[in-house]
Amino acid sequence: MPVTLRKAKIKTGYSFYFDISYKGKRWTEWTKIHVNEKDSPKGKKDTPEQKSEKIELAQKMKSEREREIVVLGKGLPGEIHLRERDFFDVYDELCAPRIRSAHICVNIRKKIKKFNGENKPLPILSINKAWLANFLAFLKREGMVNNTVHQYFAFMGTILREAMCLGYIVQNPHSLFGRHERPKLKRPKADHLTAEELQRFVQKETKNVDEQLKQMFLFSCFTGLRWSDCQRVTWKHIRNINVKGESQQVIVMNQQKTSDQVIVPLTPSAKALLDTLRSEIMQSKGKG
């Protein structure tokens, strides 16, 4: 094998490094994994569990490095600095442009810190399927609702995919999860008004509800338009079109959320609301 895992003595114990021989060239790559066998001003002696974790991580990094060289042909030292990056540095770099989802970035970062250990480094090469599976289990133990777990897990997949495209990792571990292994998005059952309930609401006198607000709600029910779109409807959006030889009034507008154009037929109930509104406007102008 082109990669040999070796130890180098340091003041507090030893540090792992790779002795690499590839295509007639030989060089050294440091893993930045240090095993502390005694206390020092910079840290305490590693427990047997910590020592075992570091040894296991170094062996995994060796296997990954061998795969890069043998399978992918990535053996040049010029790419080493990418794979030595700390995950949090890469995470912050990829989250920086995400202004609209900044709160999600911050919340997930806190969860990863808590899972990994507040002051422990997290080499990006240690993020594999096993790590991601353990992180997923941790999120569930935290008592988070299912859809939030789904959102966080999907976001991690996006970040890791981008990290792979930039050369920090050679494979996105998120893509190794089958559908049955990923948290499912549970869509809540939507409550809706029945035709009878809606009719009772139309006829009921609502003293504590602004009449214009009530009309807006009913217009949304009668047309199926979102509340944000109902607020934007003007007379210019109402047009007459020919449908099978007959003239029909419709609303033609671009949705605010998707920017897609929609054509919404005006139902008799929706027309009645508009006619009432038009009449009120005309009466108001007449009084003026």
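A: Let's start with a term: a residue is buried under 20% relative accessible area, exposed over 50% and partly exposed in between (1.4 Å probe, protein chains only). By that rule Tyr-17 is buried, at 17% relative accessibility. Bear in mind that this is a predicted model, where local features need pLDDT of at least 70 and side-chain atom pairs count only at pLDDT 80 or more, while totals for chains, interfaces and linings use all residues. Residues are numbered from 1 along each chain as its sequence is written, and side-chain values use heavy atoms, with hydrogens and water left out.

Now, who does Tyr-17 pair with? Its partner is Trp-30: the ring centres are 4.9 Å apart and the planes meet at 40 degrees, so this pair is tilted. (Rings of Phe, Tyr and Trp, taking the six-membered ring of Trp, pair if their centres lie within 6.5 Å; under 30 degrees between planes is stacked, over 60 is edge-to-face, and the rest is tilted.) Tyr-17 belongs to strand 2 (residues 13-22) and Trp-30 to strand 3 (residues 25-36), 13 residues apart, and the pair links distant parts of the chain. Strands here are DSSP runs of E, at least two residues, and helices are runs of H or I, at least four, both numbered from the N terminus. While Tyr-17 is buried, Trp-30 is partly exposed, with a relative accessible area of 44%.

Stay in strand 3 for a moment, as Glu-29 sits there too. Glu-29 is buried, at 5% relative accessible area. From Glu-29 to Thr-267 it's 72 Å in space, C-alpha to C-alpha, and 238 residues in sequence. Lys-32 is also in strand 3, but Lys-32 is exposed, at 55% relative accessibility.

Elsewhere, Phe-115, Trp-131, Phe-135 and Phe-138 make up one aromatic cluster.

The charged end of Lys-113 sits over the ring of Phe-88, 4.4 Å from its centre. Lys-129 lies over the face of Phe-177, at 5.3 Å from the ring centre. To count, NZ of Lys or CZ of Arg must be within 6 Å of the ring centre and within 35 degrees of the ring normal.
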